[in-house]
Amino acid sequence: MTTIRMVSRIPPALDHVRLLSSCVRGISLEFLAGKPYVELVELAVAEACTNIVRHAGAPTAGEIELEVVIGDTDIDFVLRDRGDAFAPAATEMPIVDPNKPETLPEGGYGVPLIYRIMDAVQYAREGTTNVLRMRCVRPADSV
Amino acid sequence: MDLSTREDGIVFIVEPLLTRLDAQQAPAFKLQLLGYIDAGHRNILLNLSRVTFLDSSALGVMVSALKRLGRDGELKLCGVQAPVRATFEITRLHRVFSLFDSERDAVASFA
């Protein structure tokens with residue numbers, strides 16, 4: 001199969017995140033069919049976009065770019081923005097104690113969700129650009 | 001944010017009338033949900049049967065509501081679709097919230 005490459009760009013605003021999210025849903029259902037939690041690939045990309053909007057200095061971040069590279073064995077979802085450097089931290093899921101609801105954290109679930117859903121996640125600062133690469137391995141029967 | 005509310009006995013049922021509960025909706029969702037609690041509702045059932053996408057911001061709203069209720073009330077969920085249920089399972093919050101398939105079973109569990 002020939003590698004397919006798609007690039008989309010949106011302004012750094014929450015009301016535009018759903019547009020990218022919808023694109024990712026379509027791609028996932030088409031090219032990742034059979035993968036556990038395939039519906040959540042959309043969630044992982046949306047969480048990453050929301051982080052950019054909230055934390056990377058938007059609206060000075062410029063446009064958010066999503067590059068999707070569909071290969072024979074995997075799909076890369078690559079997000080780029082020109083906001084403040086922001087390496088996703090706290091990759092461990094917050095501790096949830098059902099017996100102590102008063103201690104439940106109200107945030108901190110987003111980045112760990114990305115790491116659980118995607119097969120590989122890598123952040124780099126390339127010049128003035130934040131680059132977040134999220135890889136999904138394609139199930140054999142989806143190729 | 002479009003929410004439908006109704007009462008069934010002692011249970012106050014809140015149903016989002018949209019398919020997506022995300023960071024854009026979260027502030028209004030939180031305001032409304034905490035408003036119901038502050039108005040005195042203690043047995044709250046969130047019917048998520050229309051929701052197919054739920055992000056960490058929406059999860060945070062539910063946790064916030066649960067904490068606002070404290071030991072004096074309950075927040076349960078029903079109509080949770082597979083992708084949303086998976087989100088609860090990955091975050092382990094399915095251990096905190098009671099999830100029911102049907103609204104009827106969920107309402108009965110409050111008794």
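Modeller: What follows goes from a helix to the nonpolar cores, then to rings and charges, and finally to backbone angles.
Modeller: This is a predicted model, in which local features need pLDDT of at least 70 and side-chain atom pairs count only at pLDDT 80 or more, while totals for chains, interfaces and linings use all residues. Residues are numbered from 1 along each chain as its sequence is written, chains are lettered from A and ligands numbered from 1 in the order in which they are written, and side-chain values use heavy atoms, with hydrogens and water left out.

Biologist: What span should helix α1 of chain B have at 1.5 Å a residue?
Modeller: Helices (H or I, at least four residues) and strands (E, at least two) are DSSP runs numbered from the N terminus, and the expected span of a helix is 1.5 Å times one less than its number of residues. For the 13 residues of α1(B), residues 26-38, that gives 18 Å, which agrees with the 18 Å between its end C-alpha atoms. The helix is followed by B:G40, whose phi is positive, near 115°.

Biologist: How many residues does the largest nonpolar core have?
Modeller: In soluble globular proteins, nonpolar side chains tend to be buried together. A nonpolar core is a set of buried Ala, Val, Leu, Ile, Met, Phe, Trp, Tyr and Cys residues joined through side-chain atoms within 4.5 Å. The largest one here has 74 residues, and those with the most contacts inside it are A:F77, B:M62 and B:F97. Helix α2 (residues 41-55) of chain A gives the most to this core, with nine residues. A second, separate core of seven residues includes B:V11, B:I13, B:V107 and B:F110.

Biologist: How many aromatic pairs does a search of the whole structure find?
Modeller: Rings of Phe, Tyr and Trp (its six-membered ring) pair if their centres lie within 6.5 Å; planes under 30 degrees apart count as stacked, over 60 as edge-to-face and the rest as tilted. The search finds two over all chains. One of them joins B:F88 and B:F97 edge-to-face, at 5.8 Å centre to centre and 80° between the planes. B:F88 is buried at 0% relative accessibility, and B:F97 is buried at 2%.

Biologist: Where does the charged end of B:R20 sit?
Modeller: A charge sits over a ring if NZ of Lys or CZ of Arg is within 6 Å of the ring centre and within 35 degrees of the ring normal. The charged end of B:R20 sits over the ring of B:F53, 3.8 Å from its centre, and that of B:K76 over the ring of B:F110, 4.6 Å from its centre.

Biologist: What is the phi of A:Y37?
Modeller: Most residues other than glycine have a negative phi. A:Y37 has a positive phi, near 60°, and is found in the loop between α1 (14-31) and α2 of chain A, partly exposed at 37% relative accessible area.

How values were computed
Buried means under 20% relative accessible area, exposed over 50%, partly exposed in between (1.4 Å probe, protein chains only).
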